[in-house]
Amino acid sequence: MPKFLLIGPSGVGKSTSLKILATDNSIEIYDLDCLIKENVGASSISKYLTDFGNENFFNKSKAAIENTFREKIVLIAVGAGSIDFVGGHKWYKEQNTIVLTGNPDIIYERSDRKQFHPTLDGYKSSEFSAVRQRLYNNSKYNIDVTELTPEQVAEKIGTIIMNNG
């Protein structure tokens, strides 16, 4: 069965979408950051990135994605840490990648990410960096979440999965 990777800036609703879609028994749901923490014993993703770097984190992410169960359609929310390694972008572009993105000003205001990004400018420069934008703009599927409710985002993800799974 196919795997779909859900990527995008923090605060766009990846985790919320997973929670909503978790009620669909035809889809296996995973959060990559949780898988990585379990597999490498890291207390936090940021600490792991600091200690081992983006390339190592990408390799751990790729292995975790490739080793997920495949009896059903798989949807994996991918944290930003594993997409910061530019050398991994080619691999991500070859996957069934669904990007959640939108207007950074609106996403920042409605998200709970201010603890990690105390300013809007810091949020934009990190979460909407040129490196990440290249991957976001070149992925198979894109959903602009700016004007959507979490339920509408989940519905659009579900439609992509069912039409392409």
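Predicted model: local features only at pLDDT ≥ 70, side-chain atom pairs only at ≥ 80, totals over all residues.
I started with Ile157 and looked up its contacts (heavy atoms within 4.5 Å). Leaving out residues up to four places away in sequence, Ile157 touches Leu6, Ser17, Leu21, Leu75, Ile98, Leu100 and Ile143.

Residues are numbered from 1 along each chain as its sequence is written, and side-chain values use heavy atoms, with hydrogens and water left out.

Next, the cores. I take a nonpolar core as a set of buried Ala, Val, Leu, Ile, Met, Phe, Trp, Tyr and Cys residues joined through side-chain atoms within 4.5 Å, with buried meaning under 20% relative accessible area (1.4 Å probe, protein chains only). The largest one has 24 residues, and Ile157 is among those that touch the most other members, along with Phe4, Leu75, Ile98, Leu100, Ile143 and Ile161. Helix 8 (150-164) is one of the elements that supply at least two residues; its share, 5 residues, is the largest. Helices (H or I, at least four residues) and strands (E, at least two) are DSSP runs, numbered from the N terminus.

I found 5 strands in an open sheet, order 2-3-1-4-5, with parallel pairing (two strands pair if DSSP finds at least two bridges between them). Strand 2 (27-31) and strand 5 are the edges, each pairing on one side only.

Last, I checked strand 4 against strand 5: they pair in the parallel sense over 4 bridges. Leu100 stands opposite Ile143 in strand 5.

Key:
Buried < 20%, exposed > 50% of the residue type's maximum accessible area, 1.4 Å probe, protein only.
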